[in-house]
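User: I have a new model open and would like a friendly tour of it. Please go through my questions in turn.

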Amino acid sequence: MSSELNDGKSLPLAALLLIAGLVAAGPAWAERLLVSNEKDNTITVIDGKSLAVIKTVKVGARPRGIILSKDGKSLYICTSDADHIEELDLASLTVSRTLPSGPDPETFTISPDGKQLYVSNENDNMVSVVDVAEARITTEIAVGVEPEGMGISPDGKTLVNTSETTSMAHFIDTQSHEVIANVLVDSRPRVAQWTADAAQVWVSSEVGGSVSVIDAATHKVIKKIRFTIPGVATESIQPVGVALTKDRKTAFVALGPANRVAVVDAQTFEVRKYLLVGQRVWQLAFSPDEQRLYTTNGVSNDMSVIDVPALKVTKSVPVGRLPWGVVVAP
């Protein structure tokens with residue numbers, strides 16, 4: 001089988017299949033990676049294909065939590081010591097405006113329609129609801145002491161906030177803004193991550209050294225996942241970031257000073273493997289196709305790149321000082 005070109009020559013089938021495959025696949029690694037550097041007050045912008053630093057952008061004091069707008073055009077930044085949220089325009093890589101947040105914003109999440117930000121305010125034990133278009137706080141929700149992690153259900157109806165000192169995951173109705181359940185987890189809960197099918201919420205407990213898997217319907221802990229690494233002290237195993245594949249088959253857990261990412265079978269809850277990354281691994285983010293996982297490593301001041309199918313760390317990329325959050329943008 002062959003195809004006639006304009007000059008009358010034929011193209012072999014193998015060449016046709018190769019071209020078709022390249023067209024279908026599209027450009028590889030087209031994304032940009034954005035890392036917040038807590039000590040430098042900067043955002044590092046990295047080309048996803050070459051892994052070269054494109055630009056370092058100055059932002060407000062102590063940037064930590066970062067999240068992409070739903071249209072992919074802006075990055076929202078919790079500038080904790082500036083007590084507000086900054087919006088970084090990704091076309092110009094300049095801060096275009098600020099939004100209110102309440103005191104000491106650390107982490108947040110965004111509603112599925114992109115209209116609200118839900119912000120944890122560590123200093124006043126509140127979750128602030130921010131109207132993005134109007135740049136104003138519309139509601140404050142009282143939660144436990146030192147609110148930290150924020151996760152919203154895929155349908156946007158339920159918000160989960162973790163409180164570090166209270167050691168709870170608070171389930172919040174986003175319409176009434178009422179707390180509908182308080183779930184006790186282990187000490188110093190950090191991240192609340194929903195599964196794509198909305199069946200579970202995974203909550204990491206940094207000091208407790210565990211991940212609690214919570215049934216989203218019953219608000220019951222159905223499993224506590226614990227970690228043991230030969231040669232690593234138990235107190236150094238501090239779970240923080242959690243990333244779950246969309247098919248809910250695999251979870252990755254950043255283990256802080258253990259300098260490892262745990263690979264967990266998300267069906268059996270068994271730990272399959274530990275991947276050695278940089279020092280004090282903190283947050284995680286997938287590439288859109290889930291072929292790569294990016295980690296921020298706060299003490300070694302770099303980002304690790306994990307090949308997800310191979311379960312192998314392939315690259316370390318230097319960024320700023322105390323990298324905290326990582327986001328993948330178009």
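**Aromatic pairs and strand pairing**

User: Is Trp-194 buried or exposed?

Analyst: Trp-194 comes out at 9% relative accessibility. Buried means under 20% relative accessible area, exposed over 50% and partly exposed in between (1.4 Å probe, protein chains only). With its 9%, Trp-194 therefore counts as buried.

User: What should I keep in mind about the source, and which residue number does each chain start from?

Analyst: This is a predicted model, where local features need pLDDT of at least 70 and side-chain atom pairs 80 or more, while totals for chains, interfaces and linings use all residues. Side-chain values rest on heavy atoms, leaving out hydrogens and water, and residues are numbered along each chain, as its sequence is written, from 1.

User: What kind of aromatic pair do Phe-171 and Trp-194 form?

Analyst: The whole structure holds 3 aromatic pairs. Rings of Phe, Tyr and Trp (its six-membered ring) pair with centres within 6.5 Å; planes under 30 degrees apart are stacked, over 60 edge-to-face, the rest tilted. For Phe-171 and Trp-194 the centres are 6.4 Å apart and the planes 70° apart, which makes the pair edge-to-face.

User: How many residues apart in sequence are the parts this pair ties together?

Analyst: Phe-171 is buried too, with a relative accessible area of 0%. Strands (E, at least two residues) are DSSP runs numbered from the N terminus. Phe-171 belongs to strand β16 (residues 168–173) and Trp-194 to strand β18, so the separation of the parts that the pair ties together is 23 residues.

User: How many residues apart are Trp-202 and Phe-269?

Analyst: Trp-202 and Phe-269 also form a pair, this one tilted, at 5.9 Å centre to centre and 55° between the planes. Both residues are buried. Trp-202 sits in strand β19 (residues 200–205) and Phe-269 in the loop between β24 (260–265) and β25, so this pair links distant parts of the chain, and the separation is 67 residues.

User: Now to the strands. Which residue in β11 stands opposite Pro-105?

Analyst: β10 is mostly covered, with 6 of its 6 residues buried. Two strands pair if DSSP finds at least two bridges between them, and β10 has 4 bridges to strand β11 (residues 116–121), running antiparallel. Across from Pro-105, the residue in β11 is Asn-121.

User: Which residue takes a positive phi in the hairpin of β10 and β11?

Analyst: Between the two strands of this hairpin there are 5 residues. The positive phi is near 75°, and the residue that takes it is Gly-114.

User: What is the bridge partner of Leu-88 in β9?

Analyst: Strand β8 (residues 84–89) pairs with β9 in the antiparallel sense over 6 bridges. Within β9, the partner of Leu-88 is Val-95.
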